[in-house]
Amino acid sequence: MKIIETPKVSRRSFMVGSAAVGSGLALGLNLPFGGPSVVRAQDGSPEITAWVVIRPDDTVVVRIARSEMGQGTLTGLAQMVAEELECDWSKVTTEYPTPGQSVARKRAWGDFSTGGSRGIRESHEYVRRGGATARVMLIQAAADEWKVPAAECSAANSVITHGPSGRRTTFGKVAEAAAKITPPKDVALKDPKDWKIIGKPIKRLDTVDKLTGKQIYGADFKMPGMLNASIKECPVFGGKVKSFDAAKVMSRKGVKHVFQVGDSAVAVVADHWWQAKTALDALPIVWDEGPNAKVSSAMIAATLKEGLDAEQAFVGNSAGDAKAALAGAAKKVEAVYAYPFLNHAPMEPMNATARYTDDKCEVWVPTQNGEAAFAATLAASGLPANKCEVYKIHLGGGFGRRGAFHDYVTQAVRIAKQMPGVPVKLLWTREEDMAQGRFHPVTQCKLTGAFDANNNLTGLHMRISGQSILTAVRPEALQKGMDPATFQGVARSGEFEFGYAGIPNLLIDHAMRNTHVPPGFWRGVNINQNAIYVECFMDELAHSVKQDPLEFRRKLMAKNPKHLAVLNAVAEKAGWGKPAPKGIYRGLAQMKAFNSFVAACAEVSVEGGNKVKVHRIVCATDPGYAVNPAQIERQIAGSFMYGLSALFYQENTVKDGRIAELNFNTFNSMRLAQMPKVESIIMPSGGFWGGVGEPTICVAAPAVLNAIFAATGKRLREVPLKNLGVTLV
Amino acid sequence: MANARVNVPATAMRGEIIEIRTLIAHTMETGFRRTHLGAPIPRNIIKFFVCRYNGVEVFRAELHPSVSANPYISFSTVATESGTLTFQWSGDNGYNATESAKITVT
Amino acid sequence: MKRKTRREFLVNASALATVATAAALPSTAAAQLFRTPLNNMPEAIRKVTGAAQVHKGRVKLNLPPLVENGHLVPLSVSVESPMTEADHVKAIHVFTERNPLPEMISFRLGPRAGRAQVSTRVRLADTQNVTAIAELSDGSFWSDSAHLIVTLAACLEEL
């Protein structure tokens, strides 16, 4: 079953479909007098709504606007459409509409962006409605044919039945007629208690192709006549190309062109990618490294350290008077933590294939946001929207690198423009991918807690010092200079609300210290370090007054019942409070992120003071609703793998203005054998929609760090742990 | 880049409508940004752009902070006679820049 | 200051009806992303037009439908006009509804322009409508609007 088809919706058929009635062109187009025109897929099958195409053989094609990058959103969205559509799940397949089609149809499929753990929670209502509306239209078509009231008909498994007479027909047979019906407005959606497909651990639609190697990724993409390009951008951020000596490589076998790309990059185009890559390695390039050529991690760390005690800082959350509470404390506890730059390091390096002529610019690319890739294509090609198109390909990992940044699309189009008519596939080397990341921002944090004479926590000051993402990426979202994203997980309210409302005097502020390293959104974004900062420090506070870390937290969470519920759930399942097996020590963490409540209890053993084995992590998540529990379990485990790899192994450092770690030998990752057992408690409490792709990533690291403390009595405050001589067994 | 660049055809027929493209280097600081310490960065923009054809004003633009950095403006004018087109940009903090181009009209 | 939902925007901006697409754009609370608030554009327009009615038509405002970050958006305006002494475009004003200030740029033309056609590059802070208003020599006002999506704005949710 072909799972993702890049639909080649005949431009003519859908353009006529969306144009004023009466244009009377195009193959297979019906223009019933006075009725809406039918929009068709390339095989002629009619759209019932923009979300649902039905083929005569009853195959249902569900349109998916978001991107599948291993997180299972494709299947989840299809489940939601199918639930309301009442179709036969075994005949469901999916298709990505293109952003060009979307723009031409006034964004019929809404937002394409896949990030912020939003894929399901932001689109669930309208995709369900798309399915429900199609169902009503299909039933109406059957009822019209039978000349019976639609209210006497029902649909299940792609079969429509007329109750009183028992007459039946299938979706495929009435699709044509249904497509001509004016879509009803405001169709009611099912009550969640009636869900049959949503909420079930349905097998994913994309797994088989991925296991058999049939799945095509951008890096695999091939087109007739295609050439291959390798590129190098100035490794010092902000630097430019001064000169390069193309003559030195032009005579090499297969090499066709050497181009400057924009201000700051040079590409070699050849018959085969390896020819391009090796030629580029041999190409003499002189860089104008610009003003940042001397920046180092040590310099950056010094700037961050200064920010920990600076007078001015942006206040993200506050209550009472923390400064007074600290000044009048009977006892104070203070600690400084640090978290590094991180590259996303997806398994598939950045790539895009482009073909440019003055009449048309097309791009094939793995992207988390088809519309953003389209916007980059418009800008780089200089062509109007109706002469451009982007075709989405499955991603070999996104994690945030492929959502907000389409530098590789801009590069591919700029290369293609220099060789009109010839498709060119631009594929970055691993080194280029490591060097030209959009990095998780570097920060340090000083936390100070105040206790009264009775060992009650009276105040907390959390001072974050470090880089703002939004200043570089979207300055329009700053609030009087403050970057609200810095406070994810420790915010006043909303999707990232701090979970300790019981702290009477609170100050969480940010001394912004930006660097020349371009920042981006790394899976989970700022909850990764904020969860370590808060949850490890809460543990430190508890231990400083000899209180149990769970009890200590509970006392501060009376006004945070949902945060507390997930924390209690993991504690109970892990057996907190009961003796652990010999040599096993436990640690806890909790946070609210992307509107979901998550918690973890990790169990570790430590040998020789520094060889850590993570045996088990019990995780609980309350995402409001759970569309596919099996998928959520896998996202939890996958997020732990990503987060623990960062905890133990990963950092990017800056030397001579550039990133020092250029491959997996210096930017390692966990292996399968090191993976702990993950036990998931999925506890949707209903009434809200929280994300799944990211939230849980933040609780594994602090839970493990707290467990290590329980095992060794040593508090680890710097990440990655390899820098402290700690290894993962 | 060079401070200002103007693109005017060197020759034209009398009565022909010619297109003129102009570009000037300027940060167009909006006045709405803040430093990383929260202090407002004062506005600093080009506010006026005037084109004169042998001394007669033929085109003017009033710019606001919404105009992108390195303002690009293109417009058209009728080639009436040979002579000189002058371009003037002025703005905050006494900013003043001029550029000119000759045209032969036959 | 009237806050428009995203749905209202697109209904107002669209000239073409999409058929067979009953699913409207998200109106749930979760989908109300952080939006830059509306400015006082109607007032700014009134300062230019006074009490005169603004007619739709004759003006064509060109913007790309999507941009990544809105920092450098190519914008052009053309107006149908003979550009004679008796009948010409005196000025073209461009307005934004979500940038901090509603006025973006004004162009002063006249019969020496030959053609009422201008282009520039602008900053647009967020997904929004942009409006161009042409002032004609007979004192009438004509307008066109275009909708722009800033994909980075959509990408970043309420933080």
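Trainee: Why is A:Phe399 called partly exposed?

Mentor: Its relative accessible area is 24%. Buried means under 20%, exposed means over 50%, and partly exposed is what falls in between (1.4 Å probe, protein chains only). A value of 24% therefore puts A:Phe399 in the partly exposed class.

Trainee: What should I know about the model itself before going on?

Mentor: The model is predicted: local features need pLDDT of at least 70, side-chain atom pairs count only at pLDDT 80 or more, and totals for chains, interfaces and linings use all residues. Residues are numbered from 1 along each chain as its sequence is written, chains are lettered from A and ligands numbered from 1 in the order in which they are written, and side-chain values use heavy atoms, without hydrogens or water.

Trainee: Where is A:Phe399 placed in chain A?

Mentor: A:Phe399 sits in the loop between strand 18 (388-393) and helix 12 (407-417). Helices (H or I, at least four residues) and strands (E, at least two) are DSSP runs, numbered from the N terminus. The phi of A:Phe399 is near 60°, which is positive although the residue is not glycine.

Trainee: What makes A:Asp58 count as buried?

Mentor: A:Asp58 has 13% relative accessibility, so it falls in the buried class. A:Asp58 lies in the loop between strand 3 (52-54) and strand 4 (60-63) of chain A. A:Asp58 is not a glycine, yet its phi is positive, about 75°.

Trainee: Why is A:Glu348 called buried?

Mentor: The relative accessible area of A:Glu348 is 5%, and therefore A:Glu348 is classed as buried. A:Glu348 belongs to the loop between strand 15 (331-339) and strand 16 (351-357) of chain A.

Trainee: Which residues is A:Glu348 in contact with, leaving aside its neighbours within four places in sequence?

Mentor: Contact means heavy atoms within 4.5 Å. On that rule the partners of A:Glu348 include A:Tyr217, A:Pro366, A:His394, A:Arg402 and A:Arg430.

Trainee: What makes A:Gln631 count as buried?

Mentor: A:Gln631 is at 7% relative accessibility, so the buried label applies. A:Gln631 is part of helix 18 (residues 629-649) of chain A. Not counting residues up to four places away in sequence, A:Gln631 touches A:Gly70, A:Gln71, A:Gly72 and A:Arg204. A:Arg204 is 427 residues from A:Gln631 along the chain, but their C-alpha atoms are separated by 8.0 Å.

Trainee: Which members of the largest nonpolar core touch the most other members?

Mentor: They are A:Met462, A:Phe498, A:Phe552, A:Ile617, A:Leu647, A:Phe648 and A:Val704, in a core of 108 residues. A nonpolar core is a set of buried Ala, Val, Leu, Ile, Met, Phe, Trp, Tyr and Cys residues joined through side-chain atoms within 4.5 Å. Another core, of 58 residues, lies apart from that one and has C:Val89, C:Phe107, C:Leu109 and C:Val118 among its members.

Trainee: What is A:Phe648 in contact with, leaving aside its neighbours within four places in sequence?

Mentor: Its contacts include A:Val612, A:Val614, A:Val704, A:Pro720 and A:Leu721. A:Pro720 stands in the loop between helix 19 (697-712) and strand 29 (727-728) of chain A. The peptide bond from A:Val719 to A:Pro720 is cis, with omega near 5°.

Trainee: How much area do chain A and chain B bury between them?

Mentor: About 480 Å², of which 59% is on carbon and sulfur atoms. Buried area is the accessible area (1.4 Å probe) that two parts lose on being put together, summed over both. On the chain A side, A:Gln312, A:Lys480 and A:Met512 lose the most area to chain B, together 59% of what that side buries.

Trainee: How many salt bridges are counted between chain A and chain B?

Mentor: The count is zero.

Trainee: How many residues of chain A and of chain B are in contact?

Mentor: Seven residues of chain A are in contact with five of chain B.

Trainee: What is the secondary structure of chain B?

Mentor: Chain B has zero helices and eight strands. Its C-alpha trace spans about 60 × 20 × 20 Å along the principal axes. Of its 106 residues, 46% count as buried.

How values were computed. A salt bridge is a side-chain nitrogen of Lys or Arg within 4 Å of a carboxyl oxygen of Asp or Glu.
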